[in-house]
Amino acid sequence: MRQNAAGQAMPYQDKIVNHSGNLTELNSKFVTYKRIFRSLTYISRQLMKISTFTFNPFQENTYVLHDETLACVIVDPGCYEKNEQAALTDFIRDNKLKVIKLLNTHCHIDHVFGNQFIIDTYQVPFYIHQADLPTLQAVPVYAPSYGFPQYNPATPTNFLNEGDIVSFGHTELKVFFTPGHAPGHVVFYHEPTKTCVGGDVLFQRSIGRTDLPGGNHQTLLHSIRTKLFTLPDEVTVYPGHGPSTTIGEEKKYNPFLR
């Protein structure tokens, strides 16, 4: 209770009733702030979008990550044929996106077909983990025997490390080092949208193969359990092949990880 000028007790409720104009103003401000909050919430949910393209005979998933600034990065461009390259560049042009960086989760042939094409088209820096440089440098040696004589090799300009932050527009991706499928494999995690671009580490009910040079089964399992499985269960994993999955689903149902 408070007192008025005459020393009489005055409930807080009387203050509100006697100042109805102020109450209306407060209600109006509340509605305005509520609308602003809803707008900001909507914007925050739009901070990063992920667009998927499936290219080449290996059915590899190429990803374009972009946000409301129209800045974007390209992850693992598997576009080898002209029509695949056109599909990717047409999407970027039609959505008025600006390519900022080229990222590789790892450097097996199916994930690197389009590296030099992207570099030539957009003049952007190219990032890999240094431990996968031999994997990348080996591709021109075996590409013709795989039926890809027109493969054009690219040279990275920057190296990624565990804990690095890759930025574009208003978006920040955290780098996790996840060897096993390839010696220099990394994944990219976006915490606000609980999104992980995971390359060939973890698939829906499966894991990456480890019989290629530099692969190691126990190392891969360790990477999954100590890196990916520390993320929240609701995190969506976008793999290098096949459909997306979640961390929670793979903890429960993946036969390789029970």
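User: Why is Cys72 called buried?

Analyst: Cys72 has 0% relative accessibility. Buried means under 20% relative accessible area, exposed over 50%, partly exposed in between (1.4 Å probe, protein chains only). So Cys72 counts as buried. This is a predicted model: local features need pLDDT of at least 70, side-chain atom pairs count only at pLDDT 80 or more, and totals for chains, interfaces and linings use all residues. Numbering runs from 1 along each chain as its sequence is written, and side-chain values use heavy atoms, without hydrogens and water.

User: Why does Cys79 count as buried?

Analyst: Cys79 also sits at 0% relative accessibility, so Cys79 counts as buried.

User: How many disulfides does the rule give?

Analyst: The count is zero. A disulfide needs a pair of cysteine sulfur atoms within 2.5 Å.

User: What makes a set of residues a nonpolar core?

Analyst: The members are buried Ala, Val, Leu, Ile, Met, Phe, Trp, Tyr and Cys residues, joined through side-chain atoms within 4.5 Å. The largest such core has 28 residues, and Val64, Ile74 and Leu88 have the most contacts inside it. A second, separate core of 17 residues includes Val187, Leu221, Val235 and Ile247.

User: Which residues is Val64 in contact with, leaving aside neighbours within four places in sequence?

Analyst: Among them are Phe53, Cys72, Ile74, Leu88 and Phe91. Contact means heavy atoms within 4.5 Å.

User: What divides Ala, Asp and Gly into classes?

Analyst: Ala, Val, Leu, Ile, Met, Phe, Trp, Tyr, Cys and Pro count as nonpolar; Asp, Glu, Lys and Arg as charged; the others, Gly among them, as polar. The lining of the largest pocket has 10 nonpolar, five polar and three charged residues. A pocket is an open set of points on a 1 Å grid over the protein atoms alone, where a 1.4 Å probe fits, with protein on both sides within 12 Å along at least five of seven lines; lining residues have an atom within 4 Å of a point.
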